[in-house]
Amino acid sequence: MALAFSLSKDFAVSAIGSMTSKAALLGVEAIVLITVILALHMVIQFLFAKKDEPPVVPYWMPFIGSAIAYGQDPYAFFFRCRQKYGDVFSFILLGKKMTVCLGTQGNDFVLNGRLQDVNAEEIYKNLTTPVFGSGVVYDCSNAILMEQKKFLKFGLTTEALQSYVPLFEGEFYDFLSHSPAFQGFEGSICVTKAMAELTIFMASRTLQGKEVRPKFDSTFAELYHDLDMGFTPVNFMMPWLPLPANRRRDHAQHTLANTYIEIIKARRNLEEGQPLTENDMIWHLMSCRYKNGNPIPDQQIAHMMIALLMAGQHSSSSIASWIMLRLASRPDIAEELYQEQVRVLGPSDKGQMKRLTYEEIGLLNLNSLVVKETLRLHAPIHSIMRAVKLPLTVQTNKPSELESRLYNIPTPHVLLSAPGVTAQSSAHFANPSSWDPHRWEAQPTVKDGDEKVDYGYGLVTKGASSPYLPFGAGRHRCIGEQFAYLQLGTITALMVRQFKLRLADGETDVPKTNYMSLFTRPLDPAIIRWESR
Ligand code: HEM
Ligand SMILES: *[C@@H]1O[C@H](CO)[C@@H](O)[C@H](O)[C@H]1NC(C)=O
């Protein structure tokens, strides 16, 4: 050790030759010392690698580990590691050992892990509890989460969804008439900004109810923004930092929660005589009861409403932005979508196509495939994580080995599933990086025989054999899929009906992905040009 140190010190000192000032030398010594420590650290990683555990991606910086490579482009990192190590490997992320399980088997292993083996709330609650509030989602037992998901899922009945379509449409046209970006016959928009506004107006009018919607024109927009700033990756680890942003987050959470509580109280007073007029979530939650017979406390309803707002908003606005960018890059597909509407919904009436209904959106086949294909390439959640609670064994193949082998995964590890990897693999999708909605006409998705399970919130497919899981699988699977499809399908149909889109001048492809945000989205500036039809 001493020898290695003095050798490389001499080497470094002679290499810089003419630099002789004492300060420079001290600096050099520090650099040399650090380099040597890091090199030794690399050697130790190889010497002390545990052969029965998944291979660890080598790293220079203790604690930091592979955070930079993973953070910049998680998919590039996963594909690179998969080539070297196979579907199962570990990497260091800010002091935690992450074990990645790829492939359809890996997706199944993590997402359908047993409750006693793997745990989601331990990972997510630091981030989510200050934003949503106490007592809901990851700030309660899994059994309670399952009941809460049942309440939310059962609030999204077909009848409710049917009633949402005219409201979506109303919000869409209101948005066009008020948004400065859409005045005149043509123009350009920042698509991430436009879609974030449009989707929140639509979701707040439908899911959140008619009292909440007008507040988004004034006070809620800013509060929502402050709350949203709490959704940053650093808050996974240190949610309590006394930063101004965290203070604003907490203030926004309290103010929003109190507003919902007031709405609930006002509705309860109203309920006596007047009939229920809207199919919204607050009404539904007010009538739900836990298995023990208790109604949901008002404060929990408020916190569930905030969770609903945050859960749906980021994914939907990100996918809506990607759809617009993809259509702008493929005017031929946009034209096909327009012709599909003319064909399926009949010729337009006085130059205006008639208003959409829930059933008609279901008939627009290519329109849905555009949503589906965009979710394949741009799923907003790239990493799904679970804390390992009991030692596990996982079976896998290394690329160089024919026989499969077993790895032990001990308890402090965190499991990481990235279903986006199978969705972008050539093993499952021909020419995987090309955006081609028509591919689904030939490729059935989830096999009908796929096993179904009920974790307490209705039947869901286990997705154990599906390479396409943009909404996850297992007990934590998304309950917002139908809502998201309806919202995104409506936006797509209406945008195509109203406008011809193209990429900004000089652009030939869609922007790259921003992986630094918690939910991935197009890297700004994401500009498209529109022209009225
Ligand atoms: C394009 C839109 C969406 C995508 C891609 C998406 C994706 C996902 C994924 C991958 C999960 C699983 C997370 C995990 O296993 O840790 C999930 C869970 C969930 N999503 Fe969504 N989601 C979308 C929209 C929505 C909407 C609109 C809502 C609400 C109406 C919603 C509510 C939820 C809830 C409540 C969970 C359950 C979390 C848990 O059980 O731990 N999502 N979503
Ligand atoms: C949650 O926060 C605590 C306190 O800062 C920290 O010790 C813990 O590691 C965090 N959890 C995760 C999953 O990062």
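Helices (H or I, at least four residues) and strands (E, at least two) are DSSP runs, numbered from the N terminus. This is a predicted model, where local features need pLDDT of at least 70, side-chain atom pairs count only at pLDDT 80 or more, and totals for chains, interfaces and linings use all residues. Residues are numbered from 1 along each chain as its sequence is written, chains are lettered from A and ligands numbered from 1 in the order in which they are written, and side-chain values use heavy atoms, with hydrogens and water left out.

**View 1. The cis peptide bond at Pro525.** Going from Asp524 to Pro525, the peptide bond is cis, with omega near 0 degrees. Pro525 sits in the loop between β13 (521-522) and β14. For background, most peptide bonds are trans.

View 2. Ile527 belongs to strand β14, which covers residues 527-532. Its relative accessible area is 32%, so Ile527 is partly exposed (buried means under 20% relative accessible area, exposed over 50%, partly exposed in between, with a 1.4 Å probe and protein chains only). Skip residues up to four places away in sequence, and Ile527 touches Ser188, Ile189, Cys190, Leu325, Leu503 and Ala504; a contact here means heavy atoms within 4.5 Å. Ser66 is 461 residues from Ile527 in sequence, and the two C-alpha atoms are 32 Å apart in space.

**View 3. Helix α9, end to end.** Helix α9 takes in residues 191-208, and at 1.5 Å a residue its 18 residues should span 26 Å; the end C-alpha atoms are 24 Å apart, which agrees. That expected span is 1.5 Å times one less than the number of residues. Since 15 of the 18 residues are buried, α9 is largely enclosed by the rest of the structure. Just after α9 comes Gly209, with a positive phi of about 105 degrees.

**View 4. Tyr75 and its contacts.** Look for Tyr75 in helix α4 (residues 74-85). With a relative accessible area of 6%, Tyr75 is buried. Leaving out neighbours within four places in sequence, Tyr75 is in contact with Ala379, Ile381, His382, Gly420, Val421, Gln424 and Tyr515. Cys101 is 26 residues away along the chain, with 13 Å between its C-alpha atom and that of Tyr75.

View 5. Most residues other than glycine have a negative phi. Phe63, though, has a positive phi near 70 degrees, and lies in the loop between α2 (22-47) and α3 (67-72). At 49% relative accessibility, Phe63 counts as partly exposed. Asn431 also has a positive phi, of about 45 degrees, although it is not a glycine. You'll find Asn431 in the loop between α18 (419-423) and α19 (439-442), where it is exposed, with a relative accessible area of 55%.

**View 6. Zooming back out to the chain.** The chain's secondary structure comes to 20 helices and 14 strands. Its radius of gyration is 26 Å, close to the 24 Å that the globule rule gives for 533 residues, so the chain is as compact as a globular protein of that length (the radius is taken over C-alpha atoms, and the rule is 2.2 Å times the number of residues to the power 0.38). Along the principal axes, the C-alpha atoms fill a box of roughly 85 × 60 × 55 Å. Of the 533 residues, 51% count as buried.
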